[in-house]
Amino acid sequence: MVFSLAERNRRLKAMDEMIRREGLKALLIIGNGAVGVRAYGCYRYFVDNRVYYHMQAMLAVPGKEPTVFCSTITHLKALNSRNYTDIRVVGDDILSGVMSVLKEKGIAEGRLGVSFEMLPAGWYMKIRKDFPKLELVDVTEKIFEIRATRSAEEVELYRKCAEIADAGYAAVCEAAKPGIYEHELAAVLDYAMKKNGAEETFTLLASGRFSFKNNGLNCLHFSAAPSRQIQEGDSIAFEITPRYQGYWTQMVRTISVGEPSEDFVTMHKIVCETIEETRKLLKPGAPLRDVIRFMMDYISKAGYIPQLPCGHICAVDLNEGRVDPESDVILQEGMAVILHPTIVTPEIETGIFWGETYLVTPDGGECLMKSSKDLLVF
């Protein structure tokens with residue numbers, strides 16, 4: 001079990017209050033092991049159970065213990081350990097189980113809250129056919145309002161996850177040398193993070209010599225097969241992204257194999273300065289769009305071109321919301337925001353890759369990673 005009983009009850013209480021406030025007869029939360037959209041983490045957030053295969057679901061009726069559905073005995077054992085009393089093992093046909101409980105609880109009309117980001121089209125059509133008086137209402141944003149309030153337990157998971165990212169960075173720094181292949185570095189990174197407790201990882205990397213005139217450092221890509229061999233003078237960029245007990249953090253770094261170019265040194269300086277000035281604004285109550293507009297203005301005043309992406313909010317989903325100048329998110333204490341500004345010139349399509357995860361505090365963003373921010377040369 002990841003969370004304490006008190007934390008579980010805090011979340012379910014907030015969910016029950018939302019259901020009543022929105023006038024819902026029930027709320028249907030779906031977990032799907034095959035997708036990764038923004039609302040992917042909603043099921044895990046409330047149920048505290050990892051969906052590693054097929055689908056699971058929870059049906060919550062105000063004032064009553066939620067009903068959770070699963071397809072296998074393995075999931076049943078996990079749910080039993082999480083203090084749920086109404087668990088239905090329904091095989092792979094989760095929808096039939098959900099519809100059976102809707103009938104059992106007399107929910108044939110009124111408003112049923114769902115997340116359209118997670119609701120399969122087939123489920124939508126079947127529910128509409130069998131319950132024509134039941135109105136399906138998208139409450140995705142209402143759920144995210146609940147998820148935006150971070151607890152002390154969540155913050156501790158962030159800190160542990162950041163330690164795992166630090167361990168991954170240390171491992172690839174040790175392994176980086178001419179002759180090694182990109183996919184070998186990806187394997188080193190993945191092994192180090194999982195050895196230190198990551199339940200899963202998301203790794204992007206790229207290599208090539210960075211230059212303002214003839215840039216050889218390409219966009220980050222997923223490296224899982226034999227690919228480019230590292231050469232003397234290359235820059236190597238990484239997105240180092242572990243997940244620990246449901247929570248993600250990310251560190252973005254570029255290192256140099258051999259002496260870096262002067263352009264690399266220049267770009268590293270402006271990237272670090274941009275992040276340092278921007279992270280000071282990551283305070284509770286600040287509109288995220290204002291923070292990012294400041295970041296982009298800072299880059300422009302330095303004589304460079306800001307581009308998206310430049311970060312995202314992370315928690316149970318790696319990307320709970322993009323960091324961009326149009327965001328309507330209001331920062332709350334304990335949120336984790338990944339800052340990795342994209343800075344280019346008219347001659348290059350991508351700059352160096354750099355950034356880390358910051359915790360929103362009254363004093364500004366607290367960097368969760370302890371790794372050096374220096375330009376490292378090997």
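**Strands first, then a helix**

Mentor: Strand S14 (residues 336-339) and strand S16 (residues 356-359) run antiparallel, joined by 4 bridges. Strands here are DSSP E runs of at least two residues, helices are H or I runs of at least four, and both are numbered from the N terminus. Strands pair if DSSP finds at least two bridges between them. This is a predicted model, where local features need pLDDT of at least 70, side-chain atom pairs count only at pLDDT 80 or more, and totals for chains, interfaces and linings use all residues. Residues are numbered from 1 along each chain as its sequence is written, and side-chain values use heavy atoms, leaving out hydrogens and water.

Trainee: Which residue in S16 is the bridge partner of Ala-336?
Mentor: Leu-359.

Trainee: What is the strand order in the open sheet?
Mentor: S13-S12-S14-S16-S17, 5 strands with antiparallel pairing. S13 (321-322) and S17 (366-367) are at the edges with a single partner strand each, so one side of each has no neighbour in the sheet.

Trainee: Switching to H8. Which of its residues are buried?
Mentor: Glu-182, Leu-185, Ala-186, Leu-189, Ala-192 and Met-193. Buried means under 20% relative accessible area, exposed over 50%, partly exposed in between (1.4 Å probe, protein chains only).

Trainee: And which are exposed on the other side?
Mentor: Tyr-191 and Lys-195.

Trainee: What follows H8?
Mentor: Gly-197, with a positive phi near 115 degrees.
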